[in-house]
Amino acid sequence: MNLRYMTKELYYQKRRTLMSILGLSIGIALLIILNSLSLAYRQAAHVPLKEIGADITVQRSGDVPKELTGAVFPCSAVTIRKEEVEKIQKLSGVKGIGTGLLLWVFDPNRAWIVLGIEKENSIGPSLLRSSVTEGRFLKDGKPEALVEQAYARQFGIKLNDTISVADKRFPVVGFVDASRAAKIAVANVYLPLKDAEDIAASSKGLQSVSPYVLGDVNLLFIKADQEKITGLASEMKGILGNKATVATPESFLKLLGSLFALSDKFTLAASLIAIIVAVLIAFKTMAGNIAERAREIGVLKAVGWTNRNVVSQLMLESVTQCFIAGVLGLLIALVVSFGLSFMKVNIPIPWEMSPTPHFLPGGGDQIFKTLRLPVQVPWSLAFFAILLSIIIGGMTGGLLGRHISKIKPSEVLRHD
Amino acid sequence: MTKSSILSGTDLSKKYGDLEVVKNVSLAIDAGEFVCLVGKSGCGKTTLLSILSGLEKPTKGQVILNGKEIDGASEDELALFRRENVGFIFQSFNLIPTLSAWENVALPLFPINMTNEERRKRAKELLDKMELGHRIEHLPSALSGGEKQRVAIARALVNHPKIIFADEPTGNLDSSTGEAIMDILNKLHRDEGVAILMVTHEAELAKAANRVIRMKDGEVVS
């Protein structure tokens with residue numbers, strides 16, 4: 001192998017070299033972009049759950065409340081018994097559980113969406129702590145309320161006012177900005193979990209539809225081993241029955257509906273096509289280049305280059321071109337990925353997870369979590385693409401070199 | 001083959017299908033001898049030269065070059081043998097267009113484990129001899145026909161060959177440049193003792209040789 005010969009060949013045969021490099025770099029760029037997009041959709045699908053510090057949320061559908069008076073459970077979130085929560089807690093792969101109690105409270109002159117939250121649990125709606133815009137977050141052992149900022153503005157609720165929810169009185173200690181919070185597990189009023197449990201336990205209307213005892217909840221927020229999420233989802237359905245709604249990143253991915261989000265198989269197939277196209281382009285261009293150099297190869301052999309010398313030289317040229325193509329493809333992909341990262345994606349929140357009663361204004365509207373698609377090229381993918389380019393170069397140079405090195409110098413060097 | 005023979009071919013034949021282009025040719029060339037192979041176009045001169053130089057295998061017969069029987073050797077063995085013993089000069093120069101003059105001269109040395117500086121030094125010595133010391137960095141496209149052929153001659157000499165095979169070395173040159181190239185070949189043979197087997201169809205050029213072998217229809221006629 002001679003580096004000088006290789007660099008001169010690539011430099012002086014600019015058209016040939018550029019054609020090979022551009023062809024392969026487009027294939028490599030496609031491969032990187034497709035996989036980065038797919039990865040971005042996967043990461044986006046984690047966002048609605050990540051915002052409440054969970055990997056899985058669980059609730060269970062039940063019967064529609066008979067009367068819309070007092071406190072009721074939404075039909076999409078009825079009782080999950082304490083024993084069921086304990087069983088779920090013991091499942092292998094569950095790292096932690098947060099609980100919540102979502103209530104619709106229909107007081108004579110106002111309807112509240114109430115969420116009872118665990119104040120100190122980092123999994124679940126207690127993450128609202130960072131969304132407090134005025135006043136403070138809930139303190140332990142006190143019956144007090146946080147009110148959603150827009151709701152407070154609409155109904156003229158002020159800080160330190162006392163609100164009455166299901167005949168219980170709560171001082172308003174703070175406001176939260178729900179637009180900055182998660183799209184799931186949101187409410188108008190946030191109470192300590194214990195107070196929400198008391199309201200649920202004392203509601204006859206609620207009890208008649210979905211029997212409830214203190215300690216039961218109707219929302220679970222679960223932190224889990226990433227590799228075990230799919231298996232855990234089906235185990236939880238086994239514990240809670242067919243009416244359980246188990247939301248995972250995978251289920252949000254399906255809701256996204258994009259081809260990239262729909263299946264790994266599509267990304268795999270598209271990547272394979274990109275690789276095959278890249279290989280074919282590299283092979284065809286280099287085959288043409290090498291065929292044009294039959295006479296040159298004949299000279300090399302005549303002056304004493306062995307077949308191995310010829311193959312090594314052609315492989316060096318091919319690997320170098322493909323390496324440059326890989327780097328160029330990576331740069332193209334980085335630029336395109338940067339452009340794509342400005343794209344917005346709307347993740348639909350399933351109606352079961354929407355806390356607003358569908359019969360209230362805006363309650364039937366589809367809710368979306370809108371975010372910028374987090375497109376970026378991971379190091380591992382960049383490394384794989386460069387390595388793949390080098391392998392393509394080695395294989396192409398090796399195969400074509402072996403083929404062309406078989407020519408007989410006497411056949412190509414006969415004087416014209 | 002005599003003791004002083006550098007090259008001998010015995011009963012050589014070459015067939016392409018039914019066409020026999022070289023028929024039972026036997027010849028020997030002594031070390032330092034300048035031999036011209038003449039004959040009309042298509043009489044089998046180039047094929048015979050290819051067989052004798054190890055570029056092509058005979059259908060029948062035996063070739064001994066510098067004491068080694070080469071007709072049964074593998075492709076790679078032949079390549080290595082050519083690298084160490086043989087130089088080639090072609091009618092159309094066959095320089096690599098992307099390499100400079102000195103790099104073309106050093107081409108047979110590229111697979112050998114030595115530094116580029118050493119290769120360049122050896123190539124420059126030879127180009128100086130060819131009065132091309134000022135053109136070492138030029139690409140073939142910047143050289144005249146005569147200069148290209150002088151670069152090719154330098155390339156043929158770079159590995160200190162025992163014999164040079166020249167196939168119509170003046171065929172692409174005008175008469176005065178052709179004469180200059182013949183002078184160089186004569187000088188090489190005279191001063192350096194390199195054996196030369198030159199193929200030509202020009203009887204005038206053959207006058208410079210020690211011996212002339214004439215071919216007709218694939219056979220040696222005199």
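This is a predicted model: local features need pLDDT of at least 70, side-chain atom pairs count only at pLDDT 80 or more; totals for chains, interfaces and linings use all residues.
Trainee: Of the residues of chain A, what percentage count as buried?

Mentor: A residue is buried if 20 or more other C-beta atoms lie within 10 Å of its own. Among the 416 residues of chain A, the share that counts as buried is 45%.

Trainee: Of the contacts in chain A with a separation of 6 or more, what share comes from residues 24 or more positions apart?

Mentor: The contacts taken into account in chain A have a separation of 6 or more. Within that set, residues 24 or more positions apart account for 82%.

Trainee: Are H12(A) and H13(A) roughly parallel or roughly antiparallel to each other?

Mentor: Two packed helices are described by the angle between their axes and the distance between the axes. Helix H12 (residues 307-340) and helix H13 (residues 379-404) of chain A pack at about 150 degrees, with axes 7 Å apart. Angles over 145 degrees count as roughly antiparallel. H12(A) and H13(A) are therefore roughly antiparallel.

Trainee: How do the residues of the contact of H12(A) with H13(A) divide by class?

Mentor: H12(A) passes H13(A) in a right-handed crossing. The residues of this contact divide into 16 nonpolar, 11 polar and 2 charged.

Trainee: What is the orientation of H1(A) to H12(A)?

Mentor: Helix H1 (residues 3-12) of chain A packs on H12(A) at about 55 degrees, with the axes 10 Å apart. That angle makes H1(A), relative to H12(A), oblique.

Trainee: Which residues of H12(A) make the contact with H1(A)?

Mentor: The crossing of H1(A) and H12(A) is right-handed. From H1(A), the contact takes A:Tyr5, A:Met6, A:Glu9 and A:Leu10. From H12(A), the residues are A:Gln313, A:Leu316, A:Glu317, A:Thr320 and A:Gln321.

Trainee: Which element gives the largest share of the side of chain B that touches chain A?

Mentor: The contact takes 28 residues from chain B and 25 residues from chain A. On the side of chain B, the elements that give two or more residues are helix H1 (45-53) and helix H2 (75-85). By class, that side has 11 nonpolar, 8 polar and 9 charged residues. The largest share, 6 residues, comes from H2(B).

Trainee: Is B:Ala152 buried or exposed?

Mentor: B:Ala152 lies in helix H5 of chain B. Not counting residues up to four places away in sequence, B:Ala152 touches B:Ile89, B:Phe90, B:Phe93, B:Asn94 and B:Leu95. Because B:Ala152 has 27 C-beta neighbours inside 10 Å, this residue counts as buried.

Methods
Residues are numbered from 1 along each chain as its sequence is written. Chains are lettered from A and ligands numbered from 1 in the order in which they are written. Two residues are in contact if their C-beta atoms, placed from the backbone, lie within 7 Å. Helices (H or I, at least four residues) and strands (E, at least two) are DSSP runs, numbered from the N terminus. Ala, Val, Leu, Ile, Met, Phe, Trp, Tyr, Cys and Pro count as nonpolar, Asp, Glu, Lys and Arg as charged, and the others, Gly among them, as polar. Axes are lines fitted to C-alpha atoms, for helices over the stretch in contact, and angles run from 0 to 180 degrees between N-to-C directions. Angles under 35 degrees count as roughly parallel, over 145 as roughly antiparallel, 65 to 115 as roughly perpendicular and the rest as oblique. A crossing is left-handed if the near helix is turned anticlockwise from the far one by less than a right angle, and right-handed if clockwise. A residue is buried if 20 or more other C-beta atoms lie within 10 Å of its own, exposed if 12 or fewer, and partly exposed in between; C-beta atoms are placed from the backbone.
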